[in-house]
Amino acid sequence: MRAGKALRGVAVALAGALALTACGGGGEAADSGPAKLRMTVWSANEAHLKLFNEIAEEYRKSHPDVAEIKFDPLPFDTYTTTLTTQIAGGNAPDLAWVFENSAPDFVASGALLPLDDTLKKAEGYQYEDISPATLKLWQNDGKLFAYPFSTSPFGVFVNTDLLKKAGQKTPAELIAAGQWTWDNALATAAATAANSGKAGLVIRDFDYKGWDNLSTFWTGWGAQAWSEDGKTCGFNSPEMVDAMTTLHKATFTQKALPGPGTTADFFAGDSAMTITQISRASLLKDGGFGWDLVPLPAGPKGDYAVVGQAGLGVMKKSPHAKQAADFLAFFTNPTNSAKLAQFFPAPRQSQLTAETLAKTNPKLKPEQLQKVVIDGITNGVVKPNHSGQAELSQQVRAGLDPLWQPNADVKAVLDGVCAKIQPLLAK
């Protein structure tokens, strides 16, 4: 009972908070004097914040009507819940990052300020350069409610030192031989873990809670969390059952992935491989260990790519909505977009070249940028997202909990997930 109340609480908090923020017009209650803007972000990474602050300082030099721009990092695991709690409590930020999984709720809520006019009128903005495909998730009724400032494919970072010590072929060698598949990736991870005493493969930010990150795995089997129209559960499809059976075996039999309750940070040298996005490359330390970045392994359905998106929006009810939107236009203009691409691949078509990305990604080779980033953005599917995502996500997580034990009945567990979420999808 307690879990059910928590689930409903999260869903109600999100819906209620967004509805609350949607009331009132942008800037109608504007404060007097220079604006103090606050923007919530998920990253507390020093390199990210340093760049954000440099862009903000540059903006303020020519905008005396903005006295301060503060970047407010919120914990990744609870980001959306914390943001909606701030909104519901009357402490909404002026600008906010929005994850792709909650995009449908934010975009449809009326809580965000339409950005089209501001961006199209900004001097030198080149709005037409933004890839239309990257805008779809952030549009409603022909209006853009958040700028897709990060369209970042997932790749596999590899500790080549650990693999070589374990006598394993590197992914680069497997790719050259046309053998970079999930079967071989998991076998390599298991063998390296057994040899090194460290973890094999870590799906970063999953930790048996962030289930949507598993889409980086199951998409290789052609599985989906739900149908394209969002109305039918896909967790008990044959493709998903095959994928999750493979994952379960890899975790509890092969020991290719660390089991529940075990944490392993690839960037601290604790695992052989990790699935994550290039924004994490900043965590690599010079002289730490030999590493590589490669595309996701091919699944039974062949090669594939998965993309995570984050949008940047302005709260319509912000007393400084006009200034916030103007800063958003500056933050994402061609010049600053190129700088941000060091961590967050831009949606601008002119900047999606290996040559351009290499200028701000010195740690990554042009070949890595082409195969992981550019090809991934071109061909990738976005992580699962749906209206009512807060309650859906909690229900999926609760439904998958019985899967994370050695003797789990995979098909029965996945049938249980669909029993939980199908009524929500059918609404």
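Q: How many of the 11 residues of helix α12 are buried?
A: In helix α12 (residues 321-331), 9 of the 11 residues are buried, so the helix is largely enclosed by the rest of the structure. Buried means under 20% relative accessible area, exposed over 50%, and partly exposed in between, with a 1.4 Å probe and protein chains only.

Q: Which residues in α12 are buried?
A: They are Ala321, Gln323, Ala324, Ala325, Phe327, Leu328, Ala329, Phe330 and Phe331.

Q: What kind of model is this, and how are residues numbered?
A: It is a predicted model: local features need pLDDT of at least 70, side-chain atom pairs count only at pLDDT 80 or more, and totals for chains, interfaces and linings use all residues. Residues are numbered from 1 along each chain as its sequence is written, and side-chain values use heavy atoms, with hydrogens and water left out.

Q: How many helices and strands are there?
A: The protein has 17 helices and 11 strands. Helices (H or I, at least four residues) and strands (E, at least two) are DSSP runs, numbered from the N terminus.

Q: What about overall size?
A: The C-alpha trace spans about 65 × 50 × 30 Å along its principal axes. With 427 residues, a compact globule would have a radius of gyration near 22 Å, and the protein agrees at 22 Å. That radius is taken over C-alpha atoms, and the globule rule is 2.2 Å times the number of residues to the power 0.38.

Q: How much of the protein counts as buried?
A: Of its 427 residues, 55% do.

Q: Switching topic. Which cysteines does the disulfide join?
A: Cysteine 233 and cysteine 418, with S to S at 2.0 Å. The structure holds 1 disulfide, counted as a pair of cysteine sulfur atoms within 2.5 Å.

Q: How far apart in sequence are the parts that the pair ties together?
A: They are 185 residues apart, because cysteine 233 lies in the loop between α10 (215-218) and α11 (238-252) and cysteine 418 in helix α17 (residues 410-425).

Q: Is the disulfide left-handed or right-handed?
A: Left-handed, because the torsion about the S-S bond is about -75 degrees.

Q: Are the two cysteines buried or exposed?
A: Cysteine 233 is buried, with a relative accessible area of 10%. Cysteine 418 is buried too, at 8%.

Q: What lines the largest cavity?
A: Tyr147, Phe149, Phe331, Thr332, Ser337, Leu340, Phe344 and Ala346. Strand β6 (147-159) and helix α13 (334-340) each give two or more residues to that lining.

Q: Last one. Where does threonine 192 lie?
A: In helix α9 (residues 182-196). Threonine 192 counts as buried, at 0% relative accessibility.

Q: What is threonine 192 in contact with?
A: Leaving aside neighbours within four places in sequence, Leu162, Leu163, Ala166, Gln168, Gly197 and Ala272. Contact means heavy atoms within 4.5 Å.

Note on methods. On a 1 Å grid over the protein atoms alone, a cavity is a set of points where a 1.4 Å probe fits but cannot get out, and a pocket is an open set with protein on both sides within 12 Å along at least five of seven lines; lining residues have an atom within 4 Å of a point.
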